[in-house]
Amino acid sequence: MSGTEDVQLKRPYVPPALVSSTASVLAAFIVGAVLIAAVGVNPLTAYGALFDAALGSRNGLSETLVRTVPLALCGLGIALAFRAGVFNVGAEGQLYLGGTAAAAVGVAGSALPSVLLLPAMMLAAALTGALWSGLAAWLKLRFRADELITTIMLNYVAIDFVSFLLHGPLKDPNSPLAQTARLTTEARLPTLLSGTRLHAGVLIVVVAVILAHLFLWKRVGGFRLRVVGFNPRAALNAGIDVRYTLMLGFLISGAFAGLAGFAEVSGVQRRMIENLSPGFGYSAIIVALLGQTNPVGVLASAFLFAALQIGATTMESAAGVPSTLTTVIQGLVVLFLIGRAALPLVSGWLSRRLRPGAVT
């Protein structure tokens, strides 16, 4: 070509983690489609009903976003803990205690204006969740107790303790149910879309994702967190206070779970109830793993799981598919996620087999 240079177009860069996570989800849906067909239902009809219920209407999308809030907040906390090498699976109990603390402050400070009361409730929820997570951190650092065991056990302690409070000191005297008094308007998160339950908790999630991303990748503390999680001995040799960093991972994780409890109490239930969570803290473990412990990925993963959970009931009633199959699909996502490390091996094997002249 005269006087011109060949311009070679570059392929857009796609993170390998995104490719493997997307492949895991697609594989789970494909296997799920086979299972749905096995019960005599058209998979396209079933999936259409599921996603139409979760995303196809104003109310459906609002409910999906409402469900995304606790999943994303708990998932963010677990993801940051995982980054530090801390396997905190106690988000469920931390959520319950955070919600209880938020409700207690909301009821006690009902005379305060929203501009003071809501931040006080958020602070109480975050501190309570962090302190409960900090107990597991102390057991690990002081006695070398495995946090997988202690955080799971502390979940039951927290939930039973909250049940005691709701049947006793915090119980609404005007109700036979185990719950606190109803929060006043000043103690409630504002509704963003009239006629729906969509509340300002989604804005808290957006801010939390941004702050978590900046902390992980732009701050020294986030760098130390990642180094300790990658190699604690190397971090110690580099002069990083490993014990402090591990404690920080626990505290941040608990604080986010506590905020999830606040969002459920102030934005959805408008009071603390005995069965506040259907298992948000446990589902958030999957959310964190599927999101590759990346804050933006966690948000996307939380939205996906929220859509699956919201659409499950409609898939059952409209298409005749047992809602438990949605749980099976979530489990398949986890299984394929665990096996995603084998994708490069499978890809390499296929490329060798399909190469011209390859021995069959």
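Arg270 is buried, with a relative accessible area of 17%, where buried means under 20% relative accessible area, exposed over 50% and partly exposed in between, with a 1.4 Å probe and protein chains only. This residue sits in the loop between α10 and α11, and its phi is near 65°, a positive value in a residue other than glycine. The model is a predicted one, in which local features need pLDDT of at least 70 and side-chain atom pairs count only at pLDDT 80 or more, whereas totals for chains, interfaces and linings use all residues. Residues are numbered from 1 along each chain as its sequence is written, and side-chain values use heavy atoms, with hydrogens and water left out.

Thr293 also has a positive phi, of about 50°, although it is not a glycine. Thr293 belongs to the loop between α11 and α12 (295-319) and is buried at a relative accessible area of 14%. Helices here are DSSP runs (H or I, at least four residues), numbered from the N terminus.

Helix α6 covers residues 147-167, and its 21 residues reach 30 Å from the first C-alpha to the last, close to the 30 Å expected at 1.5 Å a residue; the expected span is 1.5 Å times one less than the number of residues. At the start of α6, a side-chain oxygen of Asp146 comes to within 2.9 Å of the backbone nitrogen of Leu148. The buried residues of α6 include Glu147, Leu154, Ala158, Val162 and Leu165, and what covers the buried residues of this helix includes α4 (91-108), α5 (114-143), α10 (242-269) and α11 (280-290).

Thr100, in helix α4, is buried with a relative accessible area of 5%. Not counting residues up to four places away in sequence, Thr100 touches Val162, Leu165, Leu170 and Met272, contact meaning heavy atoms within 4.5 Å. A polar atom of the Thr100 side chain also lies 2.8 Å from the backbone oxygen of Tyr96.

A search of the whole structure finds three salt bridges, each being a side-chain nitrogen of Lys or Arg within 4 Å of a carboxyl oxygen of Asp or Glu.

| Glu63 | Arg197 | 2.8 Å |

Asp172 is buried at 8% relative accessibility, and Arg271 is buried at 14%. Glu63 forms its salt bridge with Arg197, a pair that links distant parts of the chain, with Glu63 in helix α3 (residues 58-83) and Arg197 in the loop between α6 and α7, 134 residues apart. Glu63 counts as buried at 16% relative accessibility, while Arg197 is partly exposed at 41%. In the remaining pair, Glu147 is buried at 4% relative accessibility, whereas Lys140 counts as partly exposed at 22%.

Ile210 lies in helix α7 (residues 201-218) and counts as partly exposed at 46% relative accessibility.

Key: Helix = DSSP H or I, 4+ residues; strand = E, 2+ residues; numbered from the N terminus. Polar contact = N/O pair within 3.5 Å; in protein donor to acceptor, adjacent residues only side chain to side chain.
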